[in-house]
Protein chains: 2
Amino acid sequence: MAETPIRFGILGCAEVSRKLSKKLSRAITLSPNSTIEAVGSDSFDEAKKFAAESGVPPSAKIYGSYEAVLDDPDVDAVYVPLPPKLHLRWAVLAAKKKKHFLLEKPVALNVTEFDQIVEACEANGVQFMDGTLWMHHPRTSKMKEFLSDKQRFGHLKTVHSFFSFAANDDFLKNDIRVKPDLDGLGALGDAGWYCIRSILWACDYVLPNTVTALHGSVLNESGVVLACGSSLQWEDGKTATFYCSFLSNMAMDITAVGTKGTLKVHDFIIPYEEKSASFSLASKTGFMEHVVTTDLPQEICMVREFLRLVRSIKECGSQTESRWLSISRKTQLVLDAVKASIEKGFEPTQVGI
Amino acid sequence: MAETPIRFGILGCAEVSRKLSKKLSRAITLSPNSTIEAVGSDSFDEAKKFAAESGVPPSAKIYGSYEAVLDDPDVDAVYVPLPPKLHLRWAVLAAKKKKHFLLEKPVALNVTEFDQIVEACEANGVQFMDGTLWMHHPRTSKMKEFLSDKQRFGHLKTVHSFFSFAANDDFLKNDIRVKPDLDGLGALGDAGWYCIRSILWACDYVLPNTVTALHGSVLNESGVVLACGSSLQWEDGKTATFYCSFLSNMAMDITAVGTKGTLKVHDFIIPYEEKSASFSLASKTGFMEHVVTTDLPQEICMVREFLRLVRSIKECGSQTESRWLSISRKTQLVLDAVKASIEKGFEPTQVGI
């Protein structure tokens, strides 16, 4: 039996989110039995321009509003790369219109907002996934095998995660990620999201008890974080630190150290090469560089996994996979606590539950 | 004209410091025009055993006390690998007896003690150097070239330094580094010393204004630090973090990130290989792995540099090189502030001057 085709809508393809939209449009088009059915922006011309530039098939409908995409009965799922301030409204509406959706990170401005998205997804049987691409790279599960190997890695003691890139003047003035009215979470919601996720991933998604933001965070004149760091503490004595910044040269590292082994990766967010990605392990049995090859870039891996879940719901009446909601929610909880710690002058701050 | 031979005494070769003493004895013996003239321990038998085991030339005198080594008029310089609690007494006495000396790290229990050592060195025209081997590896100056390159590296924004090793049960019970009566600074004075030094090195030895120890430090039942971390903040907005531990698998990393470039090294304390050592650079001109080859292990590089300074004093009447006192003192100042921050419950703590 042929696979059910899944028809996507792209929600938001204005200038601010065009780069992401293009990447995902390509991934959707390249995934088997998946098509772009519609693109919508708050301006018809923007949507049209985007479709022409992004290899969206000519058959795709062009809409001058987001709502029109959600109202299209031929659209099964939507990709939502809108600025974070708009997530609550459009993600909840997508769920109510029974559209499964891929939501860009940070998923919301805070966990209170995100809980409304969770509720809408659960009430409407809608599959959710956030756009954290590296989670879907085959290297990630290979690294996890090592972290889970009690013989070689032992027990996790500490993690350090680092994501920075040097934004140019235009970005620092005009990007949505530095605008309090569009984002508000700045480098913490963008680069920091990946760091927090990587730490939670290494810790099997056990939440830390407390976080303490590091002195020395940098905010712009509107109070949006441009660089910050935090330490995290767990019940069992595990610790972690991360640093995220728009103001330093590119670095995207995870160092996870156990009682017996050490894992290092230097390009965890966007692998230097599309077809192979490496990480290094050190343990009693020696030091080794591990290379994972893949035919598919990570955005296609993500779209495929999302398609698999959606197809399983549509074809087999499966339940939605709630794991992705839970992982996003935990990431947001830690992010909220770090933000609160910065606002309280770097006080230790309990992580919500 | 032949170089003046420099005659060393080894001060302390009891069990507790034997490994270090052996390494340095070998380095002294392998350095040109340098000999071991005497070895002393607080027991004659210990000293004799050490000499027999460590390739110390049969001509060397064996003493049953440290003082006898310092009183020997044929000894020009001494190497002092004694436990930190004994540094003040024996380093000051060495200076008073006009012996130049190499002192193991941590150089003292606190900067008040170290200042007495500084004073004794200055009053007696004695050359001082601490035993931080990696400073003398030729890779270190190569890395510094990159950090100083405003075109490729830009301005330093943040440094992360990490040194841990998984001590075995015997170490955690019996090593001097976990005994409050012999050391007292634990992992902070040992592994942390290297981390702090590497951060100061990256920052051209500009002291941070404040340090804030990270929640989650681990102390043994005697209150000695087994694992801890800290963040550091500078006047100009630069930040750094470090983590040091006796409880995690081996890791010895520096990551220094500038506005334009990133430097990474994964074996800064003891290079994986004796004859070559690598580091990686990333900047606009690309990513590159840089390999520095050397015929000499870093301990010989250190002994040679020390010999050069001592010889210059003896032969040419040069002034002592005060840089090493200054660098050790700054390292101790930061270490003291981190210790104070831990003791004050992880409060931000000003670094002394």
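Chain A comprises 11 helices and 16 strands, assigned as DSSP runs (H or I of at least four residues for helices, E of at least two for strands) and numbered from the N terminus. The model is predicted: local features require pLDDT of at least 70 and side-chain atom pairs pLDDT 80 or more, whereas totals for chains, interfaces and linings use all residues. Residues are numbered from 1 along each chain as its sequence is written, and chains are lettered from A and ligands numbered from 1 in the order in which they are written.

The C-alpha trace of chain A spans about 55 × 50 × 40 Å along its principal axes. The radius of gyration of chain A is 20 Å, in agreement with the value near 20 Å for a compact globule of 353 residues; the radius is taken over C-alpha atoms, and the globule rule is 2.2 Å times the number of residues to the power 0.38. Of the 353 residues in chain A, 54% are buried (20 or more other C-beta atoms within 10 Å of the residue's own, C-beta atoms being placed from the backbone).

Contacts were defined by C-beta atoms, placed from the backbone, within 7 Å. Among contacts in chain A between residues at least 6 apart in sequence, 69% join residues at least 24 apart.

Between the chains, 37 residues of chain A are in contact with 37 residues of chain B. Elements giving two or more residues to this side of chain A include β7 (156–164), β10 (225–233) and β14 (276–283).

Terms used. A residue is buried if 20 or more other C-beta atoms lie within 10 Å of its own, exposed if 12 or fewer, and partly exposed in between; C-beta atoms are placed from the backbone. Two residues are in contact if their C-beta atoms, placed from the backbone, lie within 7 Å.
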